[in-house]
Amino acid sequence: MSSTRNASDVGDVTPDGAAWLASAGTCPRGTLAHGEERPHAPVVLPCGTVFDVVSVPAIFGRRMLDRMWEEGPGSGPVAEFRGRMLLFAAPGTAQRLPVLMEWEEWSAHGQDPGRTGRTGAVPPLLCHGTGDAVTVPAPVARARAGEAAPAARWLVAPDTRHPWLPGPEVLLWAAVRAAREAVRISIFPPADRGANVYDVSRRR
């Protein structure tokens, strides 16, 4: 289940988590050194080897995360960047997830009503894999008590050298349930959940 702990108490990447992120690059030592010199600066990392990333609109991503933590296995690292949520996933997810969505009669671009019964219930899911790169938040969160949240931040910060990462099946499952929820509450949107973070100690 999602936690409501204050964002100032979480969001920093641990040294082991930083090592895992750095391992995605061609020069892990250089990436780690950059993070130590500029701990508040975002960094660009390649996808496809250590992780893939599925990028979704922030509101829909929150619904996916709620489903994953309340009903499913939890999530891997998760970040927010420029109004989108970055779900770190197992390598190969970027190639496999669009295929699974087509098999489920759902358009990966949200154009077909499919099983949700509503056009656009599933927004575009941008899958970043081999050959792509993403901007990830700084290792250390800038925001502290009384400050506005930064444009890029960790919701589930990497905390181990070998984090569990969801595969395409888990993300499809979460997207299906998030879309059904979106249909149910489309007339009465919920209160802003921008302060929610996710407690990795509750991962199953």
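Here are my notes, beginning with the ground rules.

I'm working with a predicted model, so to speak by its rules: local features need pLDDT of at least 70, side-chain atom pairs count only at pLDDT 80 or more, and totals for chains, interfaces and linings use all residues. Residues are numbered from 1 along each chain as its sequence is written, and side-chain values use heavy atoms, with hydrogens and water left out.

**Sheet.** I looked up the strand order and got β5-β2-β4-β3-β7, five strands in an open, antiparallel sheet. Strands here are DSSP runs of E, at least two residues, and helices are runs of H or I, at least four, numbered from the N terminus; two strands pair if DSSP finds at least two bridges between them. Which strands sit at the edges? They are β5 (126–128) and β7 (152–156), each pairing on one side only. Neighbouring strands are turned by 25° against each other on average, direction ignored.

I then checked β2 (residues 52–57), which pairs with β5 in the antiparallel sense over three bridges. Val54 has Cys127 in β5 as its bridge partner.

**Helices.** Next I took α1 (residues 15–22) and α2 (residues 28–37): their axes come within 8 Å and cross at roughly 135°. Axes are lines fitted to C-alpha atoms, for helices over the stretch in contact, with angles from 0 to 180 degrees between N-to-C directions.

For the contact (heavy atoms within 4.5 Å), I noted Ala18, Ala19 and Ala22 of α1 against Pro28, Thr31 and Leu32 of α2.
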